[in-house]
Amino acid sequence: MIKSEALSMRIIPEYNDGIKRMLICLGVFLLVFLAIGCAEENNIDEITISNQSENEQVETSQKEEEMKMQISVQANEDTTIFELNDGKAAKEFYEQLPLTVDVEDFSNDEKIFYPPKKLDTTNTPVANAKSGTLAYYAPWGDVVMFYDSFGSASGLYELGNVVSGGEHIKNMSGTIQIRKV
């Protein structure tokens, strides 16, 4: 029996070393396999998140395009297009459209008209008027279309800027039609 124990002791350690090596190799292989799999899944998640982010940006950009408030001013068979900003006064003015009003000369750089209701200038940017600026002069309650540089004045708020047809502002006279575009 002593010989068989000695024999088995020799065989078992050799057998155990082979199993140990095989288990270590298998363990290393599994770890590498899992690491690659996790890295790939991470990349897929990052690509998915990146694609979702890009899609959301495109959708937001399209909604902003659709949400832009543009108006047309028809005078003497000429059309001038303004894009309004997102200030409260611009939004209130936009909601009053369509309008048919008389336009008047004022000074040597602007045309004015009076909307039916006064505008709330809360959260409306102060104007630094130049040619093509559409503004609201709160003390008088008039909307101003500038065809030359003006600058700023107390109570003058920007509603928007000309997109096309700015060259027609100077020649506007009589009755004008203002509509949403």
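Buried means under 20% relative accessible area, exposed over 50%, and partly exposed in between, with a 1.4 Å probe and protein chains only. The model is predicted, so local features need pLDDT of at least 70 and side-chain atom pairs count only at pLDDT 80 or more, while totals for chains, interfaces and linings use all residues. Residues are numbered from 1 along each chain as its sequence is written, and side-chain values use heavy atoms, with hydrogens and water left out.

**View 1. Phenylalanine 93 and phenylalanine 113 form a tilted aromatic pair.** Both phenylalanine 93 and phenylalanine 113 are buried. Their rings lie 6.0 Å apart, centre to centre, with 40 degrees between the planes. Rings of Phe, Tyr and Trp (its six-membered ring) pair if their centres lie within 6.5 Å; planes under 30 degrees apart count as stacked, over 60 as edge-to-face and the rest as tilted. Phenylalanine 93 sits in helix 2 and phenylalanine 113 in strand 4, 20 residues apart, so the pair links distant parts of the chain. Helices (H or I, at least four residues) and strands (E, at least two) are DSSP runs, numbered from the N terminus. The structure holds 4 aromatic pairs. Elsewhere, ring pairs join Phe106, Tyr137 and Trp140 into a cluster.

**View 2. Helix 2 (residues 88-95) has buried residues along one face.** The buried residues are Ala89, Ala90, Phe93 and Tyr94. The arc is that of the directions from the helix axis to the C-beta atoms.

**View 3. Threonine 124 lies in the loop between strand 4 and strand 5.** At 10% relative accessibility, threonine 124 counts as buried. A polar atom of its side chain lies 3.1 Å from the backbone nitrogen of alanine 89. Threonine 124 touches Gly87, Lys88, Ala89, Tyr157 and Glu158, leaving out residues up to four places away in sequence. Contact means heavy atoms within 4.5 Å.

**View 4. The largest nonpolar core has 26 residues.** A nonpolar core is a set of buried Ala, Val, Leu, Ile, Met, Phe, Trp, Tyr and Cys residues joined through side-chain atoms within 4.5 Å. Ile71, Leu84, Phe93, Met145, Leu159, Ile176 and Ile178 touch the most other members. At least two core residues come from each of strand 1 (69-75), strand 2 (78-84), helix 2, strand 3 (99-106), strand 5, strand 6 and strand 8 (174-180). Another core, of 7 residues, lies apart from this one; Ile112, Ala135, Val144 and Leu156 are among its members. Leucine 84 touches Met69, Ile71, Ala90, Phe93, Tyr94, Leu134, Leu159 and Gly160, not counting residues up to four places away in sequence.

**View 5. Strand 4 (residues 110-113) is covered on both faces.** Glu110 and Ile112 are buried on one side, Lys111 and Phe113 on the other. Strand 4 pairs with strand 3 over 3 bridges, antiparallel. Two strands pair if DSSP finds at least two bridges between them. These two strands form a hairpin with 3 residues between them, and serine 107 in the turn has a positive phi of about 60 degrees. Strand 4 also pairs with strand 6, again antiparallel, over 4 bridges.

**View 6. Lysine 111 is a buried residue of strand 4.** Its relative accessibility is 4%, so lysine 111 counts as buried. Its bridge partner is aspartate 105, and lysine 111 also stands opposite methionine 145 in strand 6. The side chains of lysine 111 and aspartate 105 make a polar contact at 2.2 Å. The lysine 111 side chain also reaches the backbone oxygen of lysine 170 at 3.2 Å. A polar contact is a pair of N or O atoms within 3.5 Å; within protein, one must be able to donate a hydrogen and the other to accept it, and residues adjacent in sequence count only if both atoms are side-chain atoms. Residues touching lysine 111 include Val103, Val143, Tyr147, Ile169 and Met172.

**View 7. Strand 5 (residues 133-137) is largely enclosed by the rest of the structure.** Of its 5 residues, 4 are buried. Strand 5 runs antiparallel to strand 7 (residues 156-164), joined by 5 bridges. There, leucine 134 stands opposite glycine 160. Strand 6 (residues 142-146) is also antiparallel to strand 5, through 4 bridges. Tyrosine 136 faces valine 143 across this pairing. The hairpin of strand 5 and strand 6 has 4 residues between the strands, and glycine 141 takes a positive phi near 75 degrees.
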